[in-house]
Amino acid sequence: MSPSAGGLVVFLLSVQVIQSQDGWRVDYHQTDVCAAKGSRVYITCTYTHPPGIGPSDIKDRFWFTKEKDGEPVDLRIDSEYSDRVEYRCNSDSCYLTIPDVRESDSAEYKLTFMTNKPGEKYTGSPGVTLSVTDSGLQVQVRRLNSTWLELTCHSSCVLSDHPGYAWSKNGENIKRGSSLLVSSGSTDRYSCYFRGYPGDDSPAVYGPQRPSVSVSPSAEMLEGDSVTLTCSTDANPAANYTWYKQDGTSDPRLLSEEPQLIFSSIQSSDFGWYFCTAENQLGRKTSDFILIRVKYGPQRPSVSASPSAEMLEGDSVTLTCSADANPAANYTWYKEHEDSPRASGQIFTITDFTAEHSGNYYCEAQNEMGRSNSTLLLITESGVDRTTMIFHITRWPLLVVMLILLLVFCLWTRKKKAVSSTTEPHESREAVEMDLHPECEDLSDMAAQREDPEEQEDRV
């Protein structure tokens with residue numbers, strides 16, 4: 001039978017171990033054997049028998065691992081081995097073939113002889129201990145620097161007649177040898193195998209694929225619920241996970257270095273974008289962003305007035321209400337001590353303001369999760385009516401105009417008196433000046449006594 005026909009072959013040819021008694025002797029070539037699951041194992045030995053026993057006296061010889069009623073059970077009739085084992089024996093040697101070994105085949109194998117002479121039998125003991133491992137080959141990864149990684153092929157079994165290692169990339173044979181250099185961040189899959197037996201490859205090593213994110217429960221999230229985010233990917237060696245939250249334009253905030261991010265009682269402040277990374281020695285990948293929306297009732301609303309909360313009769317004022325809520329809140333406006341709402345909507349406008357509009361106003365924000373009221377906002381009528389304000393604004397400019405007109409009149413009158421004095425020489429110039437209108441003499445005093453309007457208002 002060709003060795004390659006059944007996969008990896010384990011030959012036992014290295015160390016000769018002799019078991020003898022009364023002329024019987026069994027030479028096992030190895031007493032401890034390690035084999036990879038699925039490989040083909042050969043157990044061989046040579047033997048001799050006492051001089052008084054010839055080949056024709058040997059009635060039977062067979063391999064066994066267990067006994068029944070004190071007698072060995074031939075592997076060929078053992079239900080766990082029947083139709084799976086093969087013997088090849090001649091006058092001085094014998095070997096056992098076990099194809100496609102299983103982990104359950106791990107046992108001690110012995111060769112026994114039965115003769116046609118009463119009481120003459122012999123078992124070569126101790127026998128050969130076979131250990132079958134789940135995977136005989138593994139790839140170990142070591143980082144050399146930021147650019148290169150070294151892959152080393154390693155067998156958990158010390159095989160006899162070691163055939164040497166070879167490498168495959170994405171299923172294609174690429175190189176012989178026990179080690180291989182690859183670039184960091186590679187997305188290829190690398191595995192090693194015993195040269196000449198490419199069907200018995202080691203598990204492939206490769207960097208993480210793009211991680212996927214799952215949310216539990218997948219239904220809507222309510223404030224106070226327990227929520228779990230899970231990051232997962234396909235990678236070998238197994239990936240390490242890290243969770244982040246993206247807060248605006250700042251750098252992502254690290255939250256956890258576990259596959260799961262758990263919110264035992266999720267809050268409105270947990271609303272936002274999340275993502276995870278998966279990393280092993282061969283590379284690093286980042287998941288897509290996931291938006292966590294948390295339903296919660298309105299926070300206390302804030303209220304503002306424009307242009308101000310102090311109004312004049314006839315003016316207009318716009319009140320605005322806003323509250324943080326998910327889903328978005330609906331708004332209703334009330335006046336204190338009134339049961340019926342004044343308006344609905346985020347904006348409430350009062351036009352043609354009158355004294356009846358004065359009072360405390362508040363808004364109520366409501367969604368399916370709850371409701372909340374704002375603090376009171378006092379809207380008042382100014383103590384100065386519009387007519388009084390117009391008078392205060394216009395009285396001083398009018399007074400200035402009147403003073404200017406009076407000054408012009410006085411100057412004109414003085415000029416007229418001066419002309420008349422030229423026709424009356426008996427009067428002195430000083431007399432003419434004294435005959436000016438008395439009201440003009442006090443004009444400068446009146447101007448000097450004019451005070452700032454605000455000072456006069458304060459004095460009143």
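**Close-up views of a predicted model**

**Figure 1. N367 stands opposite G370 in strand β37.** The structure shown in every view is a predicted model. Strands β36 and β37 form a hairpin, with two residues between them. Strand β37 covers residues 370-373, and its pairing with β36 is antiparallel over four bridges. In general, strands of a sheet pair through backbone hydrogen bonds, and the pairing may be parallel or antiparallel.

**Figure 2. Strand β36 is largely enclosed by the rest of the structure, because seven of its nine residues are buried.** One of the paired positions is Y334, whose bridge partner in β36 is Y362.

**Figure 3. A disulfide joins C321 and C363, with their sulfur atoms 1.9 Å apart.** The torsion about the S-S bond of this pair is about 55°, and the disulfide is therefore right-handed. C321 belongs to strand β32 and C363 to strand β36 (residues 359-367), so the link ties together parts that are 42 residues apart in sequence. C321 has a relative accessible area of 0% and so is buried. C363 likewise has a relative accessible area of 0% and is buried. A contrasting case is C45, which is in no disulfide: the nearest cysteine sulfur belongs to C94 and is 5.6 Å away. C45 is buried, with a relative accessible area of 2%.

**Figure 4. Strands β30, β32 and β35 form an open sheet in the order β30-β32-β35, with antiparallel pairing.** The edge positions are held by β30 (302-306) and β35 (347-350); each has a single partner strand, so one side of each is left without a neighbour in the sheet. On average, neighbouring strands of this sheet are turned by 15° against each other, direction ignored. Strand β32 spans residues 317-322, and four bridges join it to β35. Within this pairing, T320 has I347 of β35 as its bridge partner. As a general rule, the side chains of a regular strand alternate between the two faces of the sheet.

**Figure 5. C153 and C192 form one of the four disulfides in the structure.** The S to S distance of this pair is 2.0 Å. A torsion of about 70° about the S-S bond is the reason why the disulfide of C153 and C192 is described as right-handed. The two cysteines come from distant parts of the chain: C153 is in strand β15 (residues 148-155) and C192 is in strand β19 (residues 190-194), 39 residues apart. Both C153 and C192 are buried.

**Figure 6. Strand β15 takes part in an open sheet of three strands, in the order β14-β15-β18.** The pairing in this sheet is antiparallel. Strands β14 (137-143) and β18 (179-183) are the edge strands, and each pairs on one side only. Neighbouring strands here are turned by 30° against each other on average, direction ignored. Seven bridges join β14 to β15. Among the paired positions, L137 has S155 of β15 as its bridge partner.

**Figure 7. A disulfide is formed by C231 and C276, whose sulfur atoms are 2.0 Å apart.** The link is right-handed, with 70° about the S-S bond. Because C231 lies in strand β22 (residues 227-232) and C276 in strand β26 (residues 272-280), the pair ties together parts that are 45 residues apart in sequence. C231 has 2% relative accessibility and so counts as buried. C276 is buried as well, with a relative accessible area of 0%.

**Figure 8. D78 is placed in the loop between strands β8 and β9.** Strand β8 covers residues 71-72, and strand β9 covers residues 86-89. When neighbours within four places in sequence are left aside, D78 is in contact with T65, K66 and V73.

Notes:
Residues are numbered from 1 along each chain as its sequence is written. This is a predicted model: local features need pLDDT of at least 70, side-chain atom pairs count only at pLDDT 80 or more; totals for chains, interfaces and linings use all residues. Side-chain values use heavy atoms; hydrogens and water are left out. Two strands pair if DSSP finds at least two bridges between them. Axes are lines fitted to C-alpha atoms, for helices over the stretch in contact, and angles run from 0 to 180 degrees between N-to-C directions. A disulfide is a pair of cysteine sulfur atoms within 2.5 Å. Buried means under 20% relative accessible area, exposed over 50%, partly exposed in between (1.4 Å probe, protein chains only). Contact means heavy atoms within 4.5 Å.
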